[in-house]
Amino acid sequence: MALSKINPSKTKSWKKLSAHFDQIKEYHLRTLFDANPERAKKFSLKYGDLFVDFSKNRITDETFELLLELADEVKLREGIAEYFSGENINETEGRAVLHTALRAKKDDSVLVDGENVIPEIVEVRERIKVFSDEVLLGQKKGYTGKTFTDVVNIGIGGSDLGPVMVTEALKFYKNHLNTHFVSNVDGDHVHEILKKLDPETTLFIIVSKSFTTQETLSNALTLKKWFLQHAAEKDVAKHFVAVSTNLEKIDAFGIDKENVFPMWDWVGGRFSLWSAVGLSIALAIGYTHFEELLDGAQNMDSHFKQAPFAENIPVILGLLTVWNNNFFGVETEAIIPYTQYLHRFSAYLQQGIMESNGKSKDRAGNTTSYETGTIIWGETGTNSQHAFFQLIHQGTKLIPTDFIGFKKPLHGDREHHNKLMANFFAQTEALMNGKTEEEVRSELNAQEVSPEKMDALVPFKVFAGNKPTTTLLLDKLTPKSLGSLIALYEHKIFVQGLVWNIFSYDQWGVELGKQLAKNILVDLENSKMGKHDASTLQLLQYFKQ
Ligand code: F6P
């Protein structure tokens, strides 16, 4: 079975949503809250230790009902069943999409081409456990007999962003190993990291699903060359590990078969941190914590699979994006975590969301007549308040924002945490309420500002408010809660893609640039120049001078 191919804009519910939008588009959140004292309760959900308040979105009861109707009409329920059961929903690549199987329980069964893949997954999990335990306990040693102190993950895109984001997010749980990430083909990246390494005590993990990615292979070769300036070829086996689906290519790189961790083509790169791609995570925080991360994601999977849509967090958040994107015409969404540990979270989600839903052909191959994937960006609060929040508050663009916060700080500093969270709550309140002219005038009055000055200042001090926000409040940043949070966004991606009738799990758009770069590299390394447009040619010539 394939995913439905329903044009959402032709459904009855979409038409109803359009008419409804015309009626309510000018409603102010203040008025909606005043009109219904139950609104906050009605538009909030709790699952495990995650509390989600989406009441500060510009919706009414009717919007909510119509969005749920839309989900039914585009056959979201059937789509979810296909997603989890290993159907080839990545149609253009002829593959299943089974990152959810990577965190499934041992005795679950998920069939790919009639074969249960769970035993294989469990076997690789066991290998990750044994490997990371041996490194951490000092049983695995480098070529001079010293224990490992540093781990370098070499990968890019999904083979980098997930591991970096999670190791940064869970730094609090980190052990004695230092982890480094080399991704950019910019030699300055790898050479800077090399300065910190000792060949005798460094373990290299080459992560590439395809094992053909230029950036990763170049960085891996540079690191191997550097390593061989200190050690012998036979020592490579002790220091280099690979994670890939392309076993042949790994063989050619000279990595010991024992040090090869498989992955599967039914796991998309941007959803692969739950597989052996997360080996650097297991090393950084220990296997038990890695398993807790998987557990947290598995919890969110169960919720997404089972909860009725009206209580289903990823479904609701996905539908809200559709509402904001396709009716309010918003183009971007900001994700603002109020914890420094999540400083790579929006960068990670940029790949997850934009590589998945940045498509303009529907599942029947037609150009969509409606907007699809939004632009994702963000930084941690409170830093972002002092950088770009001005535009969210008073700019001309409507930017729905997710606020992610935690009830407890990890180091227990309540004083700091209260200040941080006071800002967290203040921002969503300010974005929603804004500040009326009346409020501005009474404030200026209290400051005894002259009437002339007041009249001049008022327009600039008024905040329209009515900016949509969604608040995600968790108990504490743990491997488990992080696992749930990531899985929540993964499923939100699925919901949006399903509604927009696009294929979320391919990424053909990144191929052209890769092909052209190969040709241009030949031009850069040779005296003759290939065929290019006048601008590119001029730039290449200028570069080569
Ligand atoms: O360029 C996009 C991409 O294919 C991503 O989807 C992927 O995560 C990344 O490149 C790295 O690919 P690989 O793991 O095969 O090296």
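**Exercise 1.** Determine how far an oxygen atom of the ligand is from an N or O atom in the side chain of Lys-514.

*Solution.* In this predicted model, the distance from a ligand oxygen atom to an N or O atom in the side chain of Lys-514 is 3.2 Å, where a polar contact is a pair of N or O atoms within 3.5 Å. The protein covers 87% of the 390 Å² of accessible area that the ligand has on its own, areas being computed by the Shrake-Rupley method with a 1.4 Å probe. Next, a polar side-chain atom of Thr-213 lies 2.5 Å from a ligand oxygen atom, and for Glu-355 the corresponding distance is 2.6 Å.

Residues are numbered from 1 along each chain as its sequence is written. Local features need pLDDT of at least 70 and side-chain atom pairs count only at pLDDT 80 or more, while totals for chains, interfaces and linings use all residues, and side-chain values use heavy atoms, with hydrogens and water left out.

**Exercise 2.** Describe the residues that surround the ligand, and state how the shell divides into nonpolar, polar and charged.

*Solution.* Begin with the count: 14 residues surround the ligand, each having a heavy atom within 4 Å of it. Among the closest are Ser-159, Ser-208 and Ser-210. Then sort the shell, which holds 2 nonpolar, 9 polar and 3 charged residues; here Ala, Val, Leu, Ile, Met, Phe, Trp, Tyr, Cys and Pro count as nonpolar, Asp, Glu, Lys and Arg as charged, and the others, Gly among them, as polar.

**Exercise 3.** Explain which parts of the chain the salt bridge between Glu-91 and Lys-5 ties together.

*Solution.* Start from the pair itself, whose side chains meet at 3.0 Å, N to O, a salt bridge being a side-chain nitrogen of Lys or Arg within 4 Å of a carboxyl oxygen of Asp or Glu. Because Glu-91 lies in the loop between helix 5 (76–85) and strand 3 (111–112), and Lys-5 in the segment before helix 1 (12–24), the pair ties together parts that are 86 residues apart in sequence. Helices (H or I, at least four residues) and strands (E, at least two) are DSSP runs, numbered from the N terminus. Finally, a search of the whole structure finds 25 salt bridges.

Conventions: A polar contact is a pair of N or O atoms within 3.5 Å; within protein, one must be able to donate a hydrogen and the other to accept it, and residues adjacent in sequence count only if both atoms are side-chain atoms.
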